[in-house]
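Subject: Structure for your review

Dear colleague,

Please find below the structure that I am handing over to you.

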Amino acid sequence: MDRCRDLLEPALREAVAVLHPWGAGMAGFALGWSDADGRPGNGDRGKAVRPAVALLSAEAVGGTAKSALPGAVAVELVHAFSLVHDDIIDHDERRRHREALWKAYGVGPALLAGDALLALAVGQLATRPEAIPYLSAALVELVQGQTADMAFENRPWRGPDEVTVAEYTDMAAGKTGGLLGAAAATGVALGGAPELADRLWGMGRDLGVAFQIVDDMLGIWGDPDVTGKPVYSDLRRAKKTFPVLAALAADVPAARELSALLSAGNMNQGSLRHVADLVEEAGGRDAARSLADRYMSSALEVVDRHLPDAGDLRAVCDSLVNRVH
């Protein structure tokens with residue numbers, strides 16, 4: 001991961017440098033390079049998992065990491081764009097242990113900064129016909145998945161219109177899996193094996209479902225000092241995350257009590273803690289772990305079958321799903 005980041009960051013900085021100085025400053029803040037006043041800082045720059053997947057996928061087919069650098073930069077810029085806009089949509093005031101971009105600069109400027117990051121991402125692959133279709137598809141999937149995730153919030157917890165597990169996994173495959181699929185597909189395409197791109201696209205989507213489920217678990221049981229987000233943030237916003245959906249589907253007393261509490265709404269910190277305990281008691285945490293492992297196994301099966309020399313890629317993929325136990 002450190003090796004990939006060392007290769008990625010100079011290329012990212014070069015891409016962002018073409019922006020208007022104000023936009024470049026906001027992009028630098030979003031990417032963890034500076035504070036809100038533009039002073040260089042040691043902000044949390046994220047794990048850069050998606051670009052690492054692109055670079056390591058290229059190496060796994062005999063190419064160089066440098067050959068996949070445009071794809072790695074593109075997926076990291078799209079990821080940064082999506083976080084900027086997600087925080088506005090979700091009204092999240094914190095991102096990576098500090099203010100979200102919109103909180104630091106305002107909603108309008110943050111929207112422009114996100115748009116700029118997206119435009120730069122597309123430009124990275126505009127002249128690479130073997131790779132651009134996957135980035136384009138990922139953008140559509142990302143928007144579709146985010147739209148579904150928002151629409152879920154307006155649906156009831158139980159009843160004929162409840163969110164199903166199948167709907168959830170479709171959402172996660174788009175919202176989170178699309179960009180991981182694009183990372184892997186562009187990596188092998190730019191690394192010299194475009195015939196494998198479709199298979200790696202599917203691998204990334206499965207990996208994304210596993211990643212999203214683990215993210216859901218962190219949203220309930222994660223340490224805020226590690227995640228950078230307030231405890232129980234997903235429960236507070238009544239998000240239809242997989243552990244909660246799985247718990248509600250269980251035919252046990254804890255599930256029925258959980259349903260009543262969620263339907264009542266307006267929970268304080270104490271009741272949110274009780275809801276988290278009920279989700280675990282009803283089996284939601286174990287079910288989430290099990291499904292994440294199943295999607296992870298599916299993704300790694302593709303890696304093992306088509307990229308037998310992809311030890312580093314396999315390790316990075318594994319790290320995504322083993323962030324919580």
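A crossing of two helices is called left-handed if the near helix is turned anticlockwise from the far one by less than a right angle, and right-handed if it is turned clockwise. By this convention, helix α4 passes helix α8 in a right-handed crossing. Please bear in mind throughout that this is a predicted model.

**The protein as a whole**

The protein has 16 helices and two strands. Its radius of gyration is 20 Å, close to the 20 Å that the globule rule gives for 325 residues, so the protein is as compact as a globular protein of that length. Along the principal axes, the C-alpha atoms fill a box of roughly 55 × 50 × 30 Å. Of the 325 residues, 54% count as buried. Among the contacts with a separation of 6 or more, 72% come from residues 24 or more positions apart.

**Helix α4 and its two partners**

Two packed helices are described by the angle between their axes and the distance between the axes. Helix α4 comprises residues 69-90 and helix α8 comprises residues 165-190. Their axes come within 9 Å and cross at roughly 170°. Angles over 145 degrees count as roughly antiparallel, and α4 is therefore roughly antiparallel to α8.

Which residues make this contact? On the α4 side they are G71, V75, V78 and H79, and on the α8 side L179, A182, A183, T186 and L190. By type, the residues of this contact divide into six nonpolar, three polar and no charged.

Helix α4 also packs with helix α3, which spans residues 49-60. The axes of α3 and α4 come within 8 Å and cross at roughly 160°, and these two helices are therefore roughly antiparallel to each other. The crossing of α3 with α4 is right-handed. In this contact, R50, P51, A54 and L55 of α3 meet L69, G71, A72, V75, E76 and H79 of α4. The residues involved divide into six nonpolar, two polar and two charged.

G71, V75 and H79 of α4 take part in the contact with α8, and G71, V75 and H79 are also listed in the contact with α3.

Q146 is found in helix α7, residues 132-152. Is Q146 buried or exposed? Residues under 20% relative accessible area count as buried, and Q146, with a relative accessible area of 9%, is therefore buried. Leaving aside residues up to four places away in sequence, Q146 touches D86, I89, D90 and K175. D86, I89 and D90 fall within the residue range of α4, while K175 falls within that of α8.

M296 lies in helix α15, residues 284-306. At 5% relative accessibility, M296 counts as buried. Not counting residues up to four places away in sequence, M296 touches L207, A210, C317, D318 and V321. M296 and V18 are 278 residues apart in sequence, and their C-alpha atoms are 38 Å apart in space.

**Two residues with a positive phi**

Most residues other than glycine have a negative phi. A48 is not a glycine, yet its phi is positive, at about 55°. A48 lies in the loop between α2 (21-30) and α3, and is buried, with a relative accessible area of 10%. R96, which is not a glycine either, also has a positive phi of about 55°. R96 lies in the loop between β1 (94-95) and β2 (98-99).

Yours sincerely

Technical notes
Residues numbered from 1 in each chain as written. Predicted model: local features only at pLDDT ≥ 70, side-chain atom pairs only at ≥ 80, totals over all residues. Heavy atoms only, no water. Axes fitted to C-alpha atoms, helices over the stretch in contact; angles between N-to-C directions. Helix = DSSP H or I, 4+ residues; strand = E, 2+ residues; numbered from the N terminus. Parallel < 35°, antiparallel > 145°, perpendicular 65-115°, else oblique. Contact = heavy atoms within 4.5 Å. Nonpolar A, V, L, I, M, F, W, Y, C, P; charged D, E, K, R; others polar. Buried < 20%, exposed > 50% of the residue type's maximum accessible area, 1.4 Å probe, protein only. Rg over C-alpha atoms; globule rule 2.2 N^0.38 Å.
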